[in-house]
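Subject: Structure handover

Hello,

Here is the structure we talked about. Please open it alongside these notes.

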Amino acid sequence: MYPVKVCAEESRKSDPGPDPEDCLEPQLPALRRHALERLSANLIRNGPQIFDVVTRWTASLSPTGVAEDYFRKSRAHFLLLPWWAEKSIRGAPDLKFQSDLIYSSVNGYYFVRLIDNVMDGHGKSELRMLPILGFFHSQFQAVYSDYFQPDSAFWEFFHSTWTAMAQATVLDANMADISATEFVGVAAMKSAGAKIPIAAVFFRYGRPDLLPQWCEFYDALSCWSRMVDDVFDSFSDAQKGTMTYFLSDAKRRKRAGESVAAWIAKGGLASGYREADSLLQHVRELAHGLGSSELIKYLEYCQADLASCWERMGPGLAALARLASVFE
Amino acid sequence: MPSEPSDFEKLLQKAIEDKGFANLLMLCPSEALKKLNIEVTQEKLRALSECIDPLVKAFEVFGGVADRIG
């Protein structure tokens, strides 16, 4: 499908630009790099004949072709939230613990990415990589065994969250029409795995009482993130036949005889942008109760970045809306 | 069954996925429209001449924004 091809080409030409999250947490780049080096070392030791396949795949995901850059910008928050959670309760994070959490999360993310890509039908090469899921999952889970005994309440959270995420992914793939209620339930749970390293922080330091408010925040953040994806990828989703809440809403709201693409160009995208912005306001309100000034700054950056992207899209969108009016 | 794409959707998709078509659209828009079985009118040709750049660059305008932010 064209969006994937064009996106990949365009992305590789572009410099990822400055990272606000790296400015907020200068230790993050080194920990991120270390996680990727650790992954490579484990592959060389235990699966040398799949090393090249995995290395090529992880590089191909990254906008720069450098694997660790995949975990910058829009994907930085799931590495940073456990860091900020630990800072909020004890000031300086334990670097070894955070390094392990980042290593686990990188593997967990690759596990989910590979499944998602296969489910989205991205290519036969990824289908042939499915057995490598075992490696990613073992690396994701094994880290926690160093910190939690088998009878720790952490494991109950781990298993219930991981299963709920799998359930949401299956439900999402089978939805033909997504309501607002379903969107909130599924969008929040589809990326719920990122709550596991946050929970690890609070269980390790004996503060599970703080976990619910971080989970509420993370669920809201996931909804916002998913809404941004759905709105701004809506043209390509429509072409690929990917059903999203935004496109379901488009079908409900467009005029009879109007195409979804025309509705998007003529006002739907603006409506979606306002809805995403409103969700982010809610996320920011929840963040204020978490005791992390860095998190607040990060969300301010997200809001400014979204507004800036929207501003840049304005002229092109107006032109497409005019074409839609003439051609339909 | 998925519904037949509208003229706008056909134009948008083809302009983005096929650089040859995008070039034809810029050089000879009436020929390009005929290739898609879209009725050629003066109003459409005028609109295309005014909006051709955003159409050809539609994916640059919209695509990947979510990946940069979300």
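Domain bounds here come from an automatic or database domain assignment. On that basis, chain A is divided into domain 1 (25–147) and domain 2 (185–328). Their C-alpha centres lie 24 Å apart.

Two points on conventions. This is a predicted model: local features need pLDDT of at least 70, side-chain atom pairs count only at pLDDT 80 or more, and totals for chains, interfaces and linings use all residues. Residues are numbered from 1 along each chain as its sequence is written, while chains are lettered from A and ligands numbered from 1 in the order in which they are written.

**Domain contact, chain A**

20 residues of domain 1 of chain A are in contact with 19 residues of domain 2 of chain A. Contact means that the C-beta atoms of two residues, placed from the backbone, lie within 7 Å. On the domain 1 side, the elements giving two or more residues are α5 (77–90) and α6 (95–119) of chain A. α5(A) gives the most, with 11 residues. Helices (H or I, at least four residues) and strands (E, at least two) are DSSP runs, numbered from the N terminus. The domain 1 side divides into 11 nonpolar, five polar and four charged residues.

**The core**

The largest nonpolar core has 102 residues. Such a core is a set of buried Ala, Val, Leu, Ile, Met, Phe, Trp, Tyr and Cys residues joined through C-beta atoms within 7 Å. Buried means 20 or more other C-beta atoms within 10 Å of a residue's own; exposed means 12 or fewer, and partly exposed is in between, with C-beta atoms placed from the backbone. A:Val106, A:Trp224, A:Ala261, A:Ala276, A:Val283 and A:Leu323 touch the most other members. Helix α15 (residues 260–287) of chain A gives the most to this core, with 13 residues. Domain 1 and domain 2 of chain A both give residues to this core, so it lies between them. Leaving out residues up to four places away in sequence, A:Val106 touches A:Ala35, A:Leu36, A:Leu39 and A:Phe71.

α9(A) covers residues 153–173. Its 21 residues reach 31 Å from first C-alpha to last, close to the 30 Å expected at 1.5 Å a residue. The expected span is 1.5 Å times one less than the number of residues. Which residues of α9(A) are buried? They are A:Phe157, A:Phe158, A:Met165 and A:Asp172. They cover an arc of only 100° around the axis, which puts them on the same side of α9(A). The arc is that of the directions from the helix axis to the C-beta atoms. A:Glu156, A:His159, A:Ser160, A:Thr163 and A:Val170 are exposed on the other side. The buried residues of α9(A) pack against α8 (133–145), α10 (180–190) and α11 (195–204) of chain A.

In α10(A), the buried residues are A:Phe183, A:Val186, A:Ala187, A:Ala188, A:Met189 and A:Lys190. What covers them includes α9, α12 (211–232) and α14 (245–253) of chain A.

**Single residues, chain A**

- A:Asp100 is found in helix α6 of chain A. It is buried, with 21 other C-beta atoms within 10 Å. Apart from residues up to four places away in sequence, A:Asp100 touches A:Val143 and A:Asp146.
- A:Lys96 lies in helix α6 of chain A too. A:Lys96 is exposed, with 9 other C-beta atoms within 10 Å.
- A:Phe136 sits in helix α8 of chain A. It is buried, with 21 other C-beta atoms within 10 Å. Neighbours within four places aside, A:Phe136 is in contact with A:Asn107, A:Tyr110 and A:Phe111.

**Chain B**

Chain B has six helices and zero strands. Of its 70 residues, 39% count as buried. Residues 24 or more positions apart account for 45% of the chain B contacts with a separation of 6 or more. B:Asn37 has a positive phi of about 60° although it is not a glycine. B:Asn37 is in the loop between α3 (29–35) and α4 (42–56) of chain B. B:Asn37 is exposed, with 8 other C-beta atoms within 10 Å.

Best wishes

Methods: Ala, Val, Leu, Ile, Met, Phe, Trp, Tyr, Cys and Pro count as nonpolar, Asp, Glu, Lys and Arg as charged, and the others, Gly among them, as polar.
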